[in-house]
Amino acid sequence: MATLPNADWTKREDLAQLIAALGADNARYVGGAVRDTLLGKAIHDVDLATPLLPHEVIDRCREAGIRTVPTGIDHGTVTAILPEGPVEITTLRRDVSSDGRRATVAFAQEWKDDASRRDFTINALYAHPGSLEIEDFFGGVADLERGHVRFIGEAEERIREDHLRILRYFRFQARFGDALDEEAVNACRDLAHTLKGLSRERVAMELLAILALPAPSPTIGLMKELGVLEVILPEARDRETQCLAQLVEAEAREGVDGDAVRRLAALLPPIKSVAESVAARLRLSRQQRARLVCAAERREEDAAAPRALAYFEGVEGARDRLLLKGESVAALRDWEVPQLPLKGGEIVARGVGAGPEVARTLRAVEARWVEEGFPDRSRVLELLEHELAAS
């Protein structure tokens with residue numbers, strides 16, 4: 001039987017107190033923490049599975065002085081608030097029914113029942129918190145070792161239970177996979193149309209997670225080849241997928257972290273109305289929508305004055321537009337957008353009546369100030385005198 005390496009996170013004192021409160025035999029580390037520890041990757045979140053019902057978890061934690069939050073209590077999830085980071089504790093579950101969008105579940109007592117409802121074998125690994133022995137019901141450890149991302153049971157059946165698993169397959173294949181699983185690929189292709197029935201928020205969440213991967217272009221290319229991308233993002237044609245590949249190269253060349261929203265912009269034609277439509281369809285946040293629209297308005301002349309662009313569009317927006325055009329962002333490194341050292345009151349003090357003329361004068365001085373590369377206040381006052389004289 002495989003054993004979980006004795007990683008630092010398994011030695012957390014607050015985690016040991018939580019395990020003691022629940023009882024070691026009533027808890028298993030599960031999912032990403034187990035999978036990523038076996039791969040030697042950093043662990044950010046720890047999840048526990050338990051046969052205890054949610055109210056029992058809450059009661060035991062209360063008795064041990066551990067605060068809990070019922071973050072998903074209807075689905076059996078309680079979050080323990082610990083000094084070194086929160087831990088989600090979920091009661092074992094089994095599927096009762098599913099329509100591809102949401103599942104009806106019942107609480108269970110058997111670890112295998114809970115494992116059976118998970119998506120991939122590499123995500124259905126449970127480790128005993130005391131012995132660190134791994135319970136592997138479907139060959140997940142072997143799949144992890146050979147880079148095989150495989151559905152538990154029949155791929156088509158698992159996708160029909162939850163259509164979002166199509167996108168999850170591509171994300172996990174990109175992260176952990178080597179050769180493609182033929183059954184999984186065929187099922188994703190044949191059932192791609194079912195993604196239309198999902199909420200746009202869920203689709204957006206998975207799409208952005210894929211785009212946030214270090215090298216998403218091959219995965220996006222495969223999704224396009226199989227007809228999956230056309231269902232969730234029909235705007236992304238050959239030119240756009242090529243733009244994504246070029247953007248990823250530009251990010252690497254410029255030493256800029258990959259960004260999912262910027263990469264989404266690469267998959268859209270540079271048309272403002274298209275960006276607005278996609279942002280609305282995917283239910284993106286106001287900030288994400290603003291970035292997509294800004295990126296869609298990119299122009300050839302952006303690279304001529306990067307700091308001027310950043311002044312009017314913000315550093316983030318300017319960086320997006322430059323990288324999407326394959327241009328350098330060196331001028332924006334460690335640069336803060338300055339503030340025009342001139343107020344409207346100073347213009348009024350020079351005899352200009354308050355109102356539109358003050359605003360026009362301020363804009364005119366600002367334009368010259370930006371054009372000249374943001375000179376100091378003495379030059380701004382000179383520009384103001386020139387503008388007043390010309391008026």
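Trainee: Which residue is the bridge partner of Thr50 in β5?
Mentor: Thr91 is the bridge partner of Thr50 there. Helices (H or I, at least four residues) and strands (E, at least two) are DSSP runs, numbered from the N terminus.

Trainee: Before going on, what sort of model is this?
Mentor: It is a predicted model, in which local features need pLDDT of at least 70 and side-chain atom pairs count only at pLDDT 80 or more, while totals for chains, interfaces and linings use all residues. Residues are numbered from 1 along each chain as its sequence is written, and side-chain values use heavy atoms, with hydrogens and water left out.

Trainee: Back to β2, then. How many bridges join β2 to β5?
Mentor: Five, and β2 and β5 (residues 87-91) run parallel. Two strands count as paired if DSSP finds at least two bridges between them.

Trainee: And how do β1 and β2 run?
Mentor: Antiparallel, with two bridges joining β1 (residues 28-30) to β2. Arg28 stands opposite Ala49 of β2.

Trainee: Why is β2 described as largely enclosed?
Mentor: Because four of the five residues of β2 (residues 46-50) are buried, the rest of the structure largely encloses this strand. Buried means under 20% relative accessible area, exposed means over 50%, and partly exposed is in between (1.4 Å probe, protein chains only).

Trainee: What about β3 and β4?
Mentor: β3 (residues 67-72) and β4 (residues 77-81) pair in the antiparallel sense over four bridges. Gly72 is opposite Thr77 in β4. Their hairpin has four residues between the strands, and Gly76 takes a positive phi near 95° in it.

Trainee: Is Arg299 buried, partly exposed or exposed?
Mentor: Partly exposed, with a relative accessible area of 42%. Arg299 sits in the loop between α15 and α16. Leaving out residues up to four places away in sequence, Arg299 touches Arg321 and Lys325, where contact means heavy atoms within 4.5 Å.

Trainee: New topic, helices. At what angle do α19 and α20 pack?
Mentor: About 130°, with the axes of α19 (residues 356-371) and α20 (residues 377-390) 9 Å apart. Axes are lines fitted to C-alpha atoms, for helices over the stretch in contact, and angles run from 0 to 180 degrees between N-to-C directions.
Mentor: α19 and α20 are therefore oblique to each other. Angles under 35 degrees count as roughly parallel, over 145 as roughly antiparallel, 65 to 115 as roughly perpendicular and the rest as oblique.

Trainee: Which residues of α19 and α20 make the contact?
Mentor: Among them are Ala364, Val365 and Trp369 of α19, and Val380, Leu383 and Leu384 of α20. The contact residues divide into seven nonpolar, one polar and four charged. Ala, Val, Leu, Ile, Met, Phe, Trp, Tyr, Cys and Pro count as nonpolar, Asp, Glu, Lys and Arg as charged, and the others, Gly among them, as polar.
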